[in-house]
Amino acid sequence: MLLKIISKSILPCCVKPQSKQIEPENKICKQISPKRLSLLDMNKSGSSAFSAISGLPKSLIGWKNIQSFTVEELKLITNNFSSNNFLGKGGFGPVYKGFIDDRITAGVAAHQTVAVKLLDLNSRQGHREWLAEVIFLGQLAHPHLVKLIGYCCEDENRLLVYEYIPQGNLENHLFGRYSVSLPWLTRLKIAVGAAKGLAFLHGEEQPVIYRDFKASNILLDSDFGAKLSDFGLALDGPQGDNTHVTTRIMGTEGYAAPEYIMTGHVTTKSDVYCFGVVLLELLTGKKAMDTSRPTREKNLVSWLRPLLRDSQKLDRIIDPKLDGEYSRKGAKKVATLAYHCLSHNSKTRPTMVDVVMTLEPLLDLDDIPVNSFVYTVPTQGECTVKNNQNLDEKYTEDENDCEEQVNQVQMNYIPRSSRSRGAVYSDSVLHETFSSGYDLPIEVA
């Protein structure tokens, strides 16, 4: 109760802007404004870019790719935040699935399925994190960043509306109780997509430090394309001659770079370290932190990084769920890349552009082994006629039964070599088959 009172006194009261006809979004990737607004602008004395009442940029109403919603509209969209629409809960608060129909004012978000994230006033995050999401995702657009549809800022209520990503997050697919193992090429595809998203952020004229790169923040679309979500902890990179940004330490245990933990200094290379942790999770199928493991194995990086450069020990750490169906050449390169991304010396870590250039060619390697299909030739008398003479009814029945069994096996068996590369992403079929498992709440922090 005390936290709610404090929140109301600190958070500015937001009033929905005057409604204006919002033009449909076409091929807008960045805003027309000559310079991207940043959170740093809020700290400049006398800054006129932000409203003193709401904290939102005064130019927000001119951003054609996001729109403002009222609490009542979002109640309609989510069926009054029904438990049937509940998707999961993260550090910011609960997330609900919704649909924007004709009851809502027409705009860029009309007639589509969305995910609505509601700020929990008792959570560790608050207005600053909400504002960061609006400012960053309201101006940045990329195929591997989740799309912000709109926002709500009404009294103490803070909500965000995103495009709905059907396959949930990577953490759920890797470690979920009812998850189906991701094939090797699907894991590579996810790694490449996430790397491209980070490379885009780091390559901006004003670099963006994501600061919270982890498996639960990587959402997967219907084709298992990766999209980075949750920009509440994102920061603008160092300006001018500065080499780093100093900030209070936030993030998730097991993912944060060592220099960030020790000094509070964060750079784009801190994101590279986090990427290395996720790459190691994809390679091994093990969580970054797991208190159920023996003491020396609780931290995945401390435990397995020393083994990444030893190709002779690689088979010992590869995810056993892959059942040997992975590219050995690709696995060696991924392991070496992860080793460098996880370097304790941030200066020796590769850039995300280097990471993309290393990973993308691995999708074309064709040395994934085929699990053998073993057919045991039956002995005489089991399925064949020992002597063509004197065929009796018993032999005829045995032969027909065995032929039916063999034909059934052959019908069910599809040689691996006859599968197209597109079949690598056939997990969507499995998703439909095991949909009850994917309907369980997922972590979306």
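**Cavities and the helices around them**

Modeller: In this predicted model, the largest cavity has a volume of about 90 Å³. Its lining is made up of 15 residues, and those closest to the centre of the cavity are Arg211, Asp212, Ala256, Tyr260 and Cys274. Sorted by class, the lining of the largest cavity holds 8 nonpolar, 3 polar and 4 charged residues. Helix 7, which spans residues 268-284, contributes the most to this lining, with 3 residues.

The search of the whole structure finds 2 cavities of 30 Å³ or more. The residues that line the second largest cavity are Trp184, Arg187, Leu188, Ala191, Leu279, Leu282, Leu283 and Val334. By class, this second lining comprises 7 nonpolar residues, no polar residues and 1 charged residue. Helix 5 (184-202) and helix 7 each provide at least two residues of the lining of the second largest cavity. Of these elements, helix 5 supplies the largest share, 4 residues.

Helix 7 and helix 10 (residues 328-341) pack with their axes 8 Å apart and at an angle of about 145 degrees. The crossing of these two helices is left-handed. On the side of helix 7, the contact is formed by Val272, Tyr273, Phe275, Gly276, Leu279 and Leu283, while helix 10 brings Ala331, Val334, Ala335, Leu337, Ala338 and Cys341. The contact between helix 7 and helix 10 has 11 nonpolar residues, 1 polar residue and no charged residues. Leu279, Leu283 and Val334, named in this contact, are also among the residues that line the second largest cavity.

Lys147 lies in the loop between helix 3 (127-137) and strand 5 (148-154). Lys147 counts as partly exposed because its relative accessibility is 33%, which falls between the limits of 20% for buried and 50% for exposed. The C-alpha atom of Lys147 is separated by 9.4 Å from that of Leu228, although these residues are 81 residues apart along the chain.

Definitions and conventions. Residues are numbered from 1 along each chain as its sequence is written. This is a predicted model: local features need pLDDT of at least 70, side-chain atom pairs count only at pLDDT 80 or more; totals for chains, interfaces and linings use all residues. Side-chain values use heavy atoms; hydrogens and water are left out. On a 1 Å grid over the protein atoms alone, a cavity is a set of points where a 1.4 Å probe fits but cannot get out, and a pocket is an open set with protein on both sides within 12 Å along at least five of seven lines; lining residues have an atom within 4 Å of a point. Grid points are joined across faces, edges and corners, and a volume is the space filled by probe spheres set on the points. Ala, Val, Leu, Ile, Met, Phe, Trp, Tyr, Cys and Pro count as nonpolar, Asp, Glu, Lys and Arg as charged, and the others, Gly among them, as polar. Axes are lines fitted to C-alpha atoms, for helices over the stretch in contact, and angles run from 0 to 180 degrees between N-to-C directions. A crossing is left-handed if the near helix is turned anticlockwise from the far one by less than a right angle, and right-handed if clockwise. Contact means heavy atoms within 4.5 Å. Buried means under 20% relative accessible area, exposed over 50%, partly exposed in between (1.4 Å probe, protein chains only).
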